[in-house]
Amino acid sequence: MGNVGDVISSMNANRQEFQARMDHIQMYLTHKKVPASLQLKIKKWAEYTWTSYTFFSIRVNFPELKATDESRLLNMLPERLRAEVAVHVHLDSLKKVKIFEQCETGFLCELVLKLRSQVFSPGDYVCRVGETG
């Protein structure tokens with residue numbers, strides 16, 4: 001009887017951990033104004049994953065979350081969904097950069113997938129005039 005209780009308790013803890021991760025992702029998507037259709041696709045993926053995860057009793061290792069580290073936040077999503085989110089969040093900003101104005105959208109989409117978030121304090125030098133950026 002005790003073993004059954006342990007299994008149920010473990011499943012509840014795993015579900016809470018999974019739900020916490022998805023809540024963080026949902027807050028990020030809402031903050032970045034990701035379209036509802038893409039948010040729904042991610043939600044359906046999460047429901048499917050949880051159902052498979054529960055059915056097969058597979059332990060999923062979730063990355064540690066930090067509010068400013070979007071690559072780790074989205075790491076639990078499949079690559080295709082991560083790419084869709086990255087393109088939506090960063091593509092318009094990248095198109096505004098002068099050196100990328102004439103680039104094809106396909107190239108910019110590939111470039112967006114290589115971006116990593118960096119946080120700088122006010123007054124920090126990212127690069128100086130004349131330096132290679």
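Analyst: Accessible areas come from the Shrake-Rupley method with a 1.4 Å probe, and for residues only the protein chains shown count as cover. By that method the accessible surface of the protein chain comes to about 10000 Å², with 56% of this surface belonging to carbon and sulfur atoms. The model is predicted, so that local features need pLDDT of at least 70 and side-chain atom pairs count only at pLDDT 80 or more, while totals for chains, interfaces and linings use all residues. Residues are numbered from 1 along each chain as its sequence is written, and side-chain values use heavy atoms, with hydrogens and water left out.

User: What pattern does the protein chain follow along the sequence?

Analyst: The pattern is α-α-α-α-α, and the protein chain has five helices and zero strands, where helices (H or I, at least four residues) and strands (E, at least two) are DSSP runs numbered from the N terminus.

User: Why is lysine 33 called exposed?

Analyst: Exposed means over 50% relative accessible area, buried under 20%, and partly exposed in between (1.4 Å probe, protein chains only); lysine 33 has 68% relative accessibility and therefore counts as exposed. Lysine 33 is found in the loop between H1 and H2, and its phi is near 55 degrees, a positive value in a residue other than glycine. Most residues other than glycine have a negative phi.

User: Why does valine 87 count as partly exposed?

Analyst: Valine 87, found in helix H4, has 23% relative accessibility, and because this value lies between the two cut-offs, valine 87 counts as partly exposed.

User: Which residues does valine 87 touch, not counting residues up to four places away in sequence?

Analyst: With contact meaning heavy atoms within 4.5 Å, valine 87 touches Cys109 and Val112. Valine 87 and valine 112 are 25 residues apart in sequence, yet 6.2 Å apart in space, C-alpha to C-alpha.

User: What makes a set of residues a nonpolar core, and which residues have the most contacts inside the largest one?

Analyst: The set must consist of buried Ala, Val, Leu, Ile, Met, Phe, Trp, Tyr and Cys residues joined through side-chain atoms within 4.5 Å. The largest nonpolar core has 18 residues, and Met22, Ile25, Ile42 and Val85 have the most contacts inside it. H1, H2 and helix H4 (79-95) each supply at least two residues of this core. A second, separate core has six residues, including Ala86, Leu91, Leu94 and Leu108.

User: Which residues lie nearest the centre of the second largest pocket?

Analyst: Gln19, Met22, Lys43, Ala46 and Glu47 do, among the 15 residues of its lining. H1 gives the most to this lining, with eight residues. Counting Ala, Val, Leu, Ile, Met, Phe, Trp, Tyr, Cys and Pro as nonpolar, Asp, Glu, Lys and Arg as charged, and the others, Gly among them, as polar, the lining of the second largest pocket divides into seven nonpolar, four polar and four charged residues. A pocket is an open set of points on a 1 Å grid over the protein atoms alone, where a 1.4 Å probe fits, with protein on both sides within 12 Å along at least five of seven lines, and lining residues have an atom within 4 Å of a point.
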